[in-house]
Each structure stands twice: as C-alpha cells, then as structure tokens.
Amino acid sequence: MSAELWDGVPLAPPDSIFKLTASYKADTNEKKVNLGVGAYRDDNNRPWVLPVVKKATKILLNDENLDHEYLPITGLPEFTAGAAKLILGPNSRGITEGRAVSVQTISGTGANHLGALFLSRFYGWNGAPKVYLSNPTWANHHAIFKNVGIEPVDYPYYDPKTIGLDFNGFIGALQAATPRSVFLLHACAHNPTGVDPTEEQWKTIASVMLEKGHYAFFDCAYQGFASGDLDRDAWAVRYFVEQGVALLVCQSFAKNAGLYGERVGALHVVAPTKEAADRVRSQLSVLQRSEISNPPSHGARLIALILNNGELFEAWKADVRTMAGRIIEMRKELRRLLTDELHTPGNWNHIVEQIGMFSFTGLNAAQSKTMVEKAHIYMTGNGRISMAGLNRQNVGYVAASLDAVVRGQLE
C-alpha cells in the first residue's frame with residue numbers, strides 16, 4: 001500500500017463540545033464546573049437514571065419472550081406509534097387520517113439525517129436545495145444538511161442586544177424566502193439559546209409559512225424536558241399540524257428519558273394524504289435499509305413500555321417534572337444571586353425567561369474564555385451554559401465568577 005494514500009486527507013478539528021469536556025476532565029482544580037455538557041446532572045453533579053427507566057428495565061429483564069431478532073426496517077411498531085401520539089397528540093388528524101409516517105431512528109441526530117436525506121431526494125425544491133437554519137442553531141445541523149447536498153442558510157433568530165428573539169428578523173426571513181423553502185424550527189427549548197417564540201408568535205410564524213408554502217423541518221429534542229409538561233412542549237408542532245403546514249418532526253428520547261447512549265429517536269413525516277403517506281413510507285424504508293438496515297431494539301422497547309403502560313407513563317411524567325423543575329430552580333437561583341445579592345451590572349431576567357437545558361448568558365467570547373481559564377468554569381465561546389451543570393454546591397461560585405468577569409475583575 002502506498003505510504004501517500006491518505007496524505008491528502010486534512011486533519012479535522014476536534015468537536016468543540018467534546019474537546020471542552022475532555023479539558024474539564026483533565027482539570028485538577030477542585031472548584032471546576034462543567035457547564036458545557038448537554039446532559040442532565042442531578043444536584044450532586046451525577047448522571048441520573050430515571051426511576052421509571054429502572055422499572056421498565058426490570059420488566060424487560062424478566063420477559064421470557066424477548067429475543068434479539070431484527071426489528072422491522074421502520075422500527076418497533078409499539079414504539080413508533082406511541083412516539084407519534086406523544087409529539088403529534090393522540091387525537092391528531094395526521095394520525096387519525098393515516099397521514100403520519102413514523103420511522104425509528106438513531107436518536108434525534110439520525111432523525112435529522114434521515115429527514116434531510118429524504119428531502120434531498122424527493123422534495124420539490126424551488127431552485128437549488130437549501131435549508132434555512134436559525135442563527136445560531138445546534139452546530140450539527142450544518143454538517144447533517146451539507147452531507148446530503150443541502151446548503152444551510154442562516155435566518156435571524158437571536159438578538160444579542162435583548163438576549164432574546166429577533167422576531168421581526170425571523171418573520172422577515174420567512175417572507176423574503178423563495179416560496180416552498182425549507183425552514184428548520186426548534187419545537188421547544190431552542191438549542192443553544194434557550195429562547196423560544198411565544199404561542200402568539202408561533203401562530204404568526206405558521207401563518208406566514210402557510211402563505212408562502214414553506215416546509216417546516218421541526219427538531220424536537222426536549223419535549224417535556226423544557227417546561228416539565230409534555231403537552232405544552234409539543235404545542236407548536238401540534239398547532240402547525242392543525243393548520244395544515246407541511247412538515248416533518250425529528251424526535252429524541254435522549255434528554256427526556258435520560259437514554260443518551262441508547263440512541264432512541266423517531267422521524268415523523270405528516271403527508272397531505274394517506275396515499276402520499278404510503279409513498280413516503282416506502283421511500284423512507286429504502287433509505288433506512290441502505291444505511292442501518294434495522295434500528296436497535298433495547299431503548300425502543302424501554303420507551304414503548306413507558307408510553308403504552310398507564311402507570312409507567314405517569315411515573316415518567318413525574319420524572320420529567322423532576323428534571324425540568326431542578327433546572328428551573330437553578331435558573332431562578334442564578335438570577336437571584338446575580339440580581340439581588342451581587343447586583344451584577346446588567347439585566348439578568350433572561351436567565352429565567354429562557355427555557356430548557358441551555359442558556360445564553362450574554363457573555364462575549366473573551367469573557368467566556370476568561371471563565372474557562374481563570375475560574376475553571378467550562379462553557380462554550382458564545383456564552384452558552386448548560387443549566388444542568390449547576391447545582392446547590394456550585395451555583396454560588398458560578399454566580400460570583402459571572403459577576404467578576406462582567407466587572408472585569410476575574411483574575
């Protein structure tokens with residue numbers, strides 16, 4: 001084999017989040033805090049296995065009829081049906097009219113990829129294939145769409161002046177885009193900003209998308225995890241389906257069930273007719289077959305049990321409220337410390353107005369870098385922090401460090 005065979009392959013930079021985590025783990029400072037991790041931690045900074053997941057696991061372990069045969073290409077039927085009802089609503093017209101196509105995927109990332117791949121092959125593009133992504137968005141969105149030949153284009157979303165939603169810019173982009181454009185929308189708990197539209201703003205967004213014939217590519221990684229209410233966090237998706245906006249939904253159970261490593265997700269495409277749904281399902285099956293053949297079973301069986309058993313479902317809702325509630329409490333405490341105790345310059349209400357796992361603090365790149373290097377508080381360069389990394393033991397230290405860096409006194 002020629003020694004020069006792979007000389008032309010450029011060395012890719014490491015993933016920024018995983019690099020941040022590696023730096024945190026290597027840090028020996030006893031005060032270090034990891035606010036970069038996108039995974040829930042309990043008040044003792046430990047991964048939390050949901051009690052309901054432990055119950056469901058015991059049930060599976062004692063099921064003598066379980067085997068390790070292949071699942072259908074589109075996934076475990078009990079899982080995909082339950083997942084569709086969870087996000088679309090049990091009485092959704094998309095489901096009752098047979099227009100919803102559901103496919104089990106490799107978590108939300110796999111759902112995004114399969115949805116993007118399907119659009120790249122079959123969507124009636126009005127010009128060159130491109131997708132509008134919020135500025136900013138989850139970094140992986142850009143790579144996923146580029147990999148299937150769809151060009152990512154930014155639309156205004158976050159306003160650094162208000163540390164909130166640039167609603168006028170968002171609506172302006174919807175109105176200016178070529179008819180039948182594809183817009184990726186975060187269903188709830190926008191990643192990375194934590195800034196969501198209000199219900200009234202969602203209604204306006206849906207109205208403009210209908211008027212322009214745009215396609216909604218929903219990404220929903222945090223249903224229930226954002227507010228603690230599964231139905232509330234699905235409101236935008238359900239409203240769009242009711243209004244007849246053309247759409248698909250990418251769904252993940254990594255966060256709201258704590259099944260990060262099991263990679264449990266689903267893609268739901270709501271077609272205009274049952275006949276169209278049958279065609280969509282046939283092509284999604286072909287695409288899935290060429291990539292993973294059959295999805296993994298364990299995580300899907302756990303979620304299927306939880307979604308289809310009344311007692312387990314209620315227990316899961318309680319667990320979800322526990323996680324969301326702890327994060328909401330940390331938001332309140334961080335804001336209280338900054339505003340009421342430390343009197344940190346600026347308005348910190350955005351900490352409690354934002355929702356979900358992440359928060360945009362408003363720190364600039366230099367301040368974020370100082371937080372890492374001087375305070376050993378690991379966060380991304382855009383000022384984003386994971387609220388799940390805060391707990392009663394470290395929130396005071398984080399607040400004091402934020403105060404110091406804003407005042408230019410962190411050394």
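A search of the whole structure, which is a predicted model, identified one cavity of 30 Å³ or more. A cavity is defined here on a 1 Å grid over the protein atoms alone, as a set of points where a 1.4 Å probe fits but cannot get out. Grid points are joined across faces, edges and corners, and the volume is the space filled by probe spheres set on the points. On this basis the largest cavity has a volume of about 40 Å³. Its lining, made up of residues with an atom within 4 Å of a point, consists of Tyr-155, Tyr-157, Phe-170, Leu-185, His-186, His-190, Pro-197 and Trp-202. Six of these lining residues are nonpolar, two are polar and none is charged, where Ala, Val, Leu, Ile, Met, Phe, Trp, Tyr, Cys and Pro count as nonpolar, Asp, Glu, Lys and Arg as charged, and the others, Gly among them, as polar.

Residues are numbered from 1 along each chain as its sequence is written, and side-chain values use heavy atoms, with hydrogens and water left out. Local features need pLDDT of at least 70 and side-chain atom pairs count only at pLDDT 80 or more, whereas totals for chains, interfaces and linings use all residues.

Arg-301 is found in helix α12 (residues 298–308); helices (H or I, at least four residues) and strands (E, at least two) are DSSP runs, numbered from the N terminus. With a relative accessible area of 14%, Arg-301 is buried, the classes being buried under 20%, exposed over 50% and partly exposed in between (1.4 Å probe, protein chains only). A polar atom of the Arg-301 side chain lies 3.1 Å from the backbone oxygen of Asp-67. When neighbours within four places in sequence are left aside, Arg-301 is in contact with Leu-60, Leu-66, Asp-67 and Leu-76, contact meaning heavy atoms within 4.5 Å.

Two cis peptide bonds were examined. The bond from Asn-135 to Pro-136 is cis, with omega near 5 degrees, and Pro-136 lies in the loop between β3 (130–135) and α6 (139–147). The bond from Asn-191 to Pro-192 is likewise cis, with omega near 20 degrees; Pro-192 is located in the loop between β7 (182–186) and α8 (199–212).

Positive phi values were also considered. Ser-107, although not a glycine, has a positive phi of about 55 degrees. Ser-107 belongs to helix α5 (residues 107–122) and is buried, at 2% relative accessibility. His-343 has a positive phi near 50 degrees and lies in the loop between α13 (310–341) and α14 (350–353). His-343 is exposed, with a relative accessible area of 54%.

Notes. 1 Å grid on protein atoms, 1.4 Å probe; cavity = no way out; pocket = protein on both sides within 12 Å on 5 of 7 lines; lining within 4 Å. Polar contact = N/O pair within 3.5 Å; in protein donor to acceptor, adjacent residues only side chain to side chain.
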